[in-house]
Amino acid sequence: MGRGGGVGQSDEGVSTMKVVAIIQARMGSNRLPGKVLADVAGRPMLERVIRRVERAEWVDEVVVATSTKAGDDEVVTACEYWGVNYWRGSEQDVLSRFYAAARAYGAEVVVRITADCPLIDPDVIDRVVGAFMVGAVDYASTALERRYPRGLDAEVMSMAGLGRVWAEAKADYERVHVTPYFYQHPELFSLLAVTKEGADLSEWRWTVDTAEDLAFIRAVYEHFEGEDDMGWEAVVDLLKAKPELRQINAHIEQKGLHEG
């Protein structure tokens, strides 16, 4: 981890801001319980996510935010074994858990990642953080105008903005999903969409919510012989060469915000 030569890093005021990536992870899942520690080519999915996020040059620290529920003791044990920072908080009020983790680790800029995205790409994270810094906005994301495959989602926000969201968001779905209050209130926050050039790949599904999704991810990792340093564009090339892999989970529909 640490800063490289990314956008805006010559600005001393920007370069001293502490960027903390927080990965939300818990064992409970309605559709695929225990998925965050499911095996992916010999290593738990959560570890895959952590190691990929750690490669982002803009990220100073990585923290796993899990719940205080007994079932999530396994997540904590795994983090301790891997030597990874963690924070425990409410299972249902994820926004409070996320905000508390950011405060505990002294974040000034926060990157939100979910543990069910084992193809998350450090270059995409760096692109979003860099755009956030240069744009001097409250919130930047690949999901505002989705063109990347689902599963490369990176959200970046100011600590001040996150604090306001934590204080003002009241609806259950706003507390569960952490960031809707940002993008559903453009009159309160400055927002920046970070999109990919070229073809719209937003229908491609690289996140894990079902057994079919997990089978897809395992097939991708097996092709790369269990390595996890491949970039997202290499995965695109694979799926163009072997379109049958995309069909493994192409029929799965993403849950809506109000479905939890």
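## Sheet, cores and buried residues

Tyr 139 stands opposite Leu 191, a residue of β9. The two positions belong to a pairing between strand β7 (residues 139–141) and β9, which run parallel and share three bridges. Strands and helices here are DSSP runs numbered from the N terminus (strands: E, at least two residues; helices: H or I, at least four), and two strands count as paired if DSSP finds at least two bridges between them.

The model is predicted, so local features are limited to pLDDT of at least 70 and side-chain atom pairs to pLDDT 80 or more, while totals for chains, interfaces and linings use all residues. Residues are numbered from 1 along each chain as its sequence is written, and side-chain values use heavy atoms, without hydrogens or water.

**The sheet**

β7 and β9 are part of an open, mixed sheet of seven strands, ordered β5-β4-β1-β6-β8-β7-β9. The edges are taken by β5 (85–89) and β9 (191–193); each has a single partner strand, so one of its sides has no neighbour in the sheet. On average, neighbouring strands are turned by 20 degrees against each other, with direction ignored. Angles are taken between axes fitted to C-alpha atoms, for helices over the stretch in contact, and run from 0 to 180 degrees between N-to-C directions.

In the order of strands, β6 stands between β1 and β8. Its pairing with β1 is parallel and has six bridges; Val 19 faces Val 109 of β6 across the pair. With β8, β6 pairs in the antiparallel sense over four bridges, and here Arg 112 is opposite Glu 155 in β8. Five of the six residues of β6 are buried, where buried means under 20% relative accessible area, exposed over 50% and partly exposed in between (1.4 Å probe, protein chains only). Helix α6 (residues 159–168) lies across β6 and β8 (155–158), at about 90 degrees to β8.

**Nonpolar cores**

A nonpolar core is a set of buried Ala, Val, Leu, Ile, Met, Phe, Trp, Tyr and Cys residues joined through side-chain atoms within 4.5 Å. The largest one has 62 residues, and the members that touch the most others are Ile 23, Leu 46, Val 53, Ile 113, Ile 125 and Trp 206. Two or more residues come from each of β1 (19–24), α2 (45–54), β4 (61–67), α3 (73–82), β6 (109–114), α5 (122–135), α9 (211–223) and α10 (232–241). A second core is separate and has 23 residues, including Phe 98, Ala 101, Tyr 105 and Phe 189.

Contact means heavy atoms within 4.5 Å. Apart from residues up to four places away in sequence, Ile 125 touches Val 53, Ala 56, Val 59, Val 111, Ile 113, Ile 120 and Ala 154.

**Individual buried positions**

The table lists residues with their relative accessible areas.

| Residue | Relative accessible area |
|---|---|
| Ala 102 | 0% |
| Cys 79 | 1% |
| Asn 249 | 2% |
| Cys 117 | 4% |
| Asp 116 | 17% |

Ala 102 is in helix α4. In that helix (residues 94–104), the buried residues are Val 94, Leu 95, Arg 97, Phe 98, Tyr 99, Ala 101 and Ala 102. Beyond its neighbours within four places in sequence, Ala 102 is in contact with Ile 22, Ala 107, Val 110, Met 159 and Leu 162. Just after α4, Gly 106 has a positive phi of about 65 degrees.

Asn 249 lies in the segment after α10. Its contacts, with neighbours within four places in sequence set aside, are Arg 205, Glu 212, Asp 213 and Phe 216. Asn 249 and Trp 204 are 45 residues apart along the chain, with their C-alpha atoms separated by 9.1 Å.

Asp 116 is placed in the loop between β6 and α5. Its side chain makes a polar contact of 2.7 Å with that of Thr 114; such a contact is a pair of N or O atoms within 3.5 Å, and within protein one must be able to donate a hydrogen and the other to accept it, with residues adjacent in sequence counted only if both atoms are side-chain atoms. Leaving out neighbours within four places in sequence, Asp 116 is also in contact with Lys 35, Met 45, Trp 206, Thr 207 and Val 208.

**Cysteines**

With a disulfide taken as a pair of cysteine sulfur atoms within 2.5 Å, the count is zero. The closest cysteine sulfur to that of Cys 79 is in Cys 117, 17 Å away, which is too far for a bond. Cys 117 is likewise in no disulfide.
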